[in-house]
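Please look at the model shown here.

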Amino acid sequence: MAATGSGHENWSSRSAFILAAVGSAVGLGNMWRFPAEAGENGGGAFVLFYIFCVLLIGLPVLLSEVLIGRHGQANAPESVRRVARDSNASEGWSILASMGVFAAFLILSFYCVVGGWVVYYIGVFLSDLVQTGVAGGAFEGRAAEDIEGLLPGLFGNGGLMVGLNLGFLAVTMFFVARGVSSGIEWVAVYLMPLFFLLFLGITIYGAFTGNFGDAIAYLFTFDFSKLTGEVMLAAVGQAFFSLSLGVAGMMTYGAYANRDTNLGHTSGIIASADTAVAMLAGLAIFPIVFAAGLSASAGPGLMFQSLPIAFQAMPFGSLIGLAFFVMVFFAALTSSVSLLEAPTAWMFEKFNMARPVATLIVGLGAAVLGVLSALSFNELAEFRPLGFIPIFAEANFFDALDGVTAKLFMPIGAILTCIFVGWVANPKLIDDENGLDGLLHQTWRALVRFVCPAALLVILLFGLFS
């Protein structure tokens, strides 16, 4: 169903919007980054401060982005222009959304590379399941060093890395090209419930077969002596990135929301679901890792190296490993669809072209950057595209894209969003859109005006000068 006067489709229901937005937020940031960050930053102290930051920073910015999209009923830059016009403000504020659209495009290109890693591990566990059967542990008879070497082995195979990346991107493009109701909403409505079902099953499996008590203690014992400045900054950053803020995705999805959707309540549900998934990721991964006697502080290698080793010692290890990476694939796909939709919506509305054509153009651009990102682990390992900038001097192509988006585009875009919503946009317009009232509304406005910009400025400065 098209939104009046906009040519935009609408979500078929509030629940479809919630599932799509949760799918946008829930991705590799929850499944891969959160357990790694929690493990590297002392467990419970990080988790407590992370929840605190979601409430005080993530949720207010999330609501700000969604309400801009719902009011504008268009792609993200055009939605900001409409809010600015209706507030008698400069349409130049659309730069904040343009930065987000560009950041989404850049992130998509290397995000699909990591999505390819997930596909690779699905194949690894599927092959192992066929060979060893259901009941036993994974990788029977193989040394831990051999299992741990699967990821470096993948990195060394440039052709396979490129092929997996392009395959994951092609699946993403297929769903975005089909439109909101037949593509994006279909992914959300069918894959997200499957994701949660698999997630719950693996968490229960870890509770009965892993060291669940140690995992609970590690994640929820709040040792305040570990709450250092570095841990707090890591938690602030994770809360911000976990909700997919600063990349125009929530503005784009907000544009498809119906007028009768209470954005305040809906944003609260989205943030709560995203946080719950992050907590469950810890409860799914750490019991299995602890039961195998492995370290929680393995960092980014926790999911792709430590966890496969842990599955070797667990009953039904191959089956559970396969289910785990299928679950991660669902989460990664729902997020990549959101990343592709933001620049695609801008392109087909800006240039009045068919959605499939716009999807193809954006996808081809992302494919070129993705190939370079995939090859930066092998053939282009010594290539330093931003070597002339000190903070990116040692970054390969993959890391340079990651660094530019995470350290510059995302925090700057979010800071500008807070200033725009808190200080520039017409207060009545904002009040009519946000679905809040009373003390809750006053608190949200104070957070958007003062707390969120300050915290995001700290993230920006720390990323640039640490």
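## Helices H3 and H13

Helices H3 and H13 are oblique to each other, because angles under 35 degrees count as roughly parallel, over 145 as roughly antiparallel, 65 to 115 as roughly perpendicular and the rest as oblique. The angle between helix H3 (residues 44–72) and helix H13 (residues 263–291) is about 140°, and their axes are 9 Å apart. Axes here are lines fitted to C-alpha atoms, for helices over the stretch in contact, and angles run from 0 to 180 degrees between N-to-C directions. Helices themselves (H or I, at least four residues) are DSSP runs, numbered from the N terminus.

Which residues of H3 and H13 make the contact? On the H3 side they include Val 47, Tyr 50, Leu 63 and Arg 70, and on the H13 side they include Leu 263, Gly 264, Asp 274 and Met 279. Contact means heavy atoms within 4.5 Å. By class, 14 nonpolar, 4 polar and 2 charged residues take part in the contact of H3 with H13. Ala, Val, Leu, Ile, Met, Phe, Trp, Tyr, Cys and Pro count as nonpolar, Asp, Glu, Lys and Arg as charged, and the others, Gly among them, as polar.

## How the model is read

This is a predicted model, in which local features need pLDDT of at least 70, side-chain atom pairs count only at pLDDT 80 or more, and totals for chains, interfaces and linings use all residues. Residues are numbered from 1 along each chain as its sequence is written, and side-chain values use heavy atoms, with hydrogens and water left out.

## Helices H2 and H14

Helix H2 (residues 28–40) packs against helix H14 (residues 301–312) at an angle of about 75°, with the axes 8 Å apart. That angle makes H2 roughly perpendicular to H14. Leu 28, Met 31, Trp 32, Pro 35 and Ala 36 of H2 meet Leu 302, Met 303 and Phe 304 of H14. By class, this contact of H2 with H14 has 8 nonpolar, no polar and no charged residues.

Glu 40 also lies in helix H2. Is Glu 40 buried or partly exposed? At 46% relative accessibility, Glu 40 counts as partly exposed; buried means under 20% relative accessible area, exposed over 50%, partly exposed in between (1.4 Å probe, protein chains only). Not counting residues up to four places away in sequence, Glu 40 touches Ser 297, Gly 299 and Pro 300.

## Aromatic pairs

There are 42 aromatic pairs. Rings of Phe, Tyr and Trp (its six-membered ring) pair if their centres lie within 6.5 Å; planes under 30 degrees apart count as stacked, over 60 as edge-to-face and the rest as tilted. Trp 11 and Tyr 253 form an edge-to-face pair, because their ring centres are 5.2 Å apart and their planes are at 80°. Trp 11 is in the segment before helix H1 (14–25) and Tyr 253 is in helix H12, 242 residues apart. Trp 11 is buried at 2% relative accessibility, and Tyr 253 is buried with a relative accessible area of 2%.

Trp 93 and Phe 420 form a tilted pair, 5.6 Å centre to centre with 40° between the planes. Trp 93 is partly exposed at 22%, whereas Phe 420 is buried at 0%.

## Met 251

Met 251 lies in helix H12 (residues 249–254) and is buried, with a relative accessible area of 2%. Leaving aside neighbours within four places in sequence, its contacts include Glu 65, Ile 68, Leu 96 and Thr 417. Met 251 and Arg 70 are 181 residues apart in sequence, and their C-alpha atoms are 7.5 Å apart in space.

Methods:
Helices (H or I, at least four residues) and strands (E, at least two) are DSSP runs, numbered from the N terminus.
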